[in-house]
Amino acid sequence: MPHNNPSSNKPTCTAQQTADAKAKVCAIFEKLERAVDVASAVPHDKDANATLAAATTMRQVFDVGSQYFFATLAEARATPADLETAVRKEASSLQDGVMGYLDGLTNSDPGMQPLVNANTEAAETIRGLSK
């Protein structure tokens, strides 16, 4: 995927530009985490329609969130390389996860475990770098 590699054509940036880009990317990550919390709170008891609505909402959060990450990175060219790499991993794992869900897999499926693990690792890295 061409959008998975940090840009090797990064312009020379000032410390302020780098700080601003980092703040912007970290704020996007916080928005994504809040959106996941909101989607997780959608009731999905034994009602099939509620379960479908909850699953659809989470897929939408992952899909839109990953696109939002990639678009933000394209604009925030001064993002520190380690943060950019982690965000790209997070966004890619979200997209791969959506495809897995659409293919009928669940988080507990062995085929999803590498994606779940990659997402968890990337998210932890982003949290650490966002402090």
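Mentor: A definition comes before the fold: helices are DSSP runs of H or I with at least four residues, strands are runs of E with at least two, and both are numbered from the N terminus. The model is predicted.

Trainee: In what order do the elements of the protein chain run from the N terminus on?
Mentor: The protein chain has four helices and zero strands. Its C-alpha atoms fill a box of roughly 55 × 25 × 20 Å along the principal axes. From the N terminus on, the elements read α-α-α-α.

Trainee: Are helix 1 and helix 2 roughly parallel or roughly antiparallel to each other?
Mentor: Their axes lie 10 Å apart, and the packing angle is about 175 degrees. Angles over 145 degrees count as roughly antiparallel. Helix 1 and helix 2 are therefore roughly antiparallel.

Trainee: How many nonpolar residues does the contact of helix 1 with helix 2 have?
Mentor: Helix 1 brings residues including Val-25, Ile-28, Phe-29 and Leu-32, while helix 2 brings, among them, Met-58, Val-61, Phe-62 and Phe-69. Four residues of this contact are polar and three are charged. The nonpolar count is 13.

Trainee: What is the handedness of the crossing of helix 2 and helix 3?
Mentor: These helices pack at about 150 degrees, with axes 9 Å apart. They are therefore roughly antiparallel to each other. Their crossing is left-handed.

Trainee: How many charged residues does the contact of helix 2 with helix 3 have?
Mentor: On the helix 2 side, Arg-59 and Asp-63 are among the residues that meet helix 3. By class, the contact has 10 nonpolar and four polar residues, and the charged count is five.

Trainee: How far apart are the axes of helix 3 and helix 4?
Mentor: Two packed helices are described by the angle between their axes and the distance between the axes. For helix 3 and helix 4 the angle is about 150 degrees, and the axes are apart by 8 Å.

Trainee: How many polar residues does the contact of helix 3 with helix 4 have?
Mentor: The crossing of this pair is left-handed. Among the residues in contact are Ala-86, Glu-90 and Leu-94 of helix 3, and Asn-119, Ala-122 and Ile-126 of helix 4. The contact has 10 nonpolar and four charged residues, and its polar count is four.

Trainee: On to the pockets. Which element gives the largest share of the lining of the largest pocket?
Mentor: The largest pocket has a volume of about 330 Å³. Of its 18 lining residues, the closest to the centre are Phe-62, Glu-90, Leu-94, Asn-119 and Thr-120. Helix 1 (15–40), helix 3 (81–102) and helix 4 (113–129) each give two or more residues to the lining. The largest share, six residues, comes from helix 4.

Trainee: How many charged residues are in the lining of the largest pocket?
Mentor: The lining splits by class.

Trainee: Which helix gives the most to the lining of the second largest pocket?
Mentor: This pocket has a volume of about 230 Å³. The residues that line it include Ala-39, His-44, Met-58, Arg-59 and Tyr-101. Helix 1 and helix 2 (48–75) are the elements that give two or more residues. With five residues, the most comes from helix 2.

Trainee: How many nonpolar residues does the lining of the second largest pocket have?
Mentor: Ala-54, Ala-55 and Leu-105 are also among the lining residues. Three residues of the lining are polar and one is charged. The nonpolar count is seven.

Note on methods: Residues are numbered from 1 along each chain as its sequence is written. This is a predicted model: local features need pLDDT of at least 70, side-chain atom pairs count only at pLDDT 80 or more; totals for chains, interfaces and linings use all residues. Side-chain values use heavy atoms; hydrogens and water are left out. On a 1 Å grid over the protein atoms alone, a cavity is a set of points where a 1.4 Å probe fits but cannot get out, and a pocket is an open set with protein on both sides within 12 Å along at least five of seven lines; lining residues have an atom within 4 Å of a point. Grid points are joined across faces, edges and corners, and a volume is the space filled by probe spheres set on the points. Ala, Val, Leu, Ile, Met, Phe, Trp, Tyr, Cys and Pro count as nonpolar, Asp, Glu, Lys and Arg as charged, and the others, Gly among them, as polar. Axes are lines fitted to C-alpha atoms, for helices over the stretch in contact, and angles run from 0 to 180 degrees between N-to-C directions. A crossing is left-handed if the near helix is turned anticlockwise from the far one by less than a right angle, and right-handed if clockwise. Contact means heavy atoms within 4.5 Å. Angles under 35 degrees count as roughly parallel, over 145 as roughly antiparallel, 65 to 115 as roughly perpendicular and the rest as oblique.
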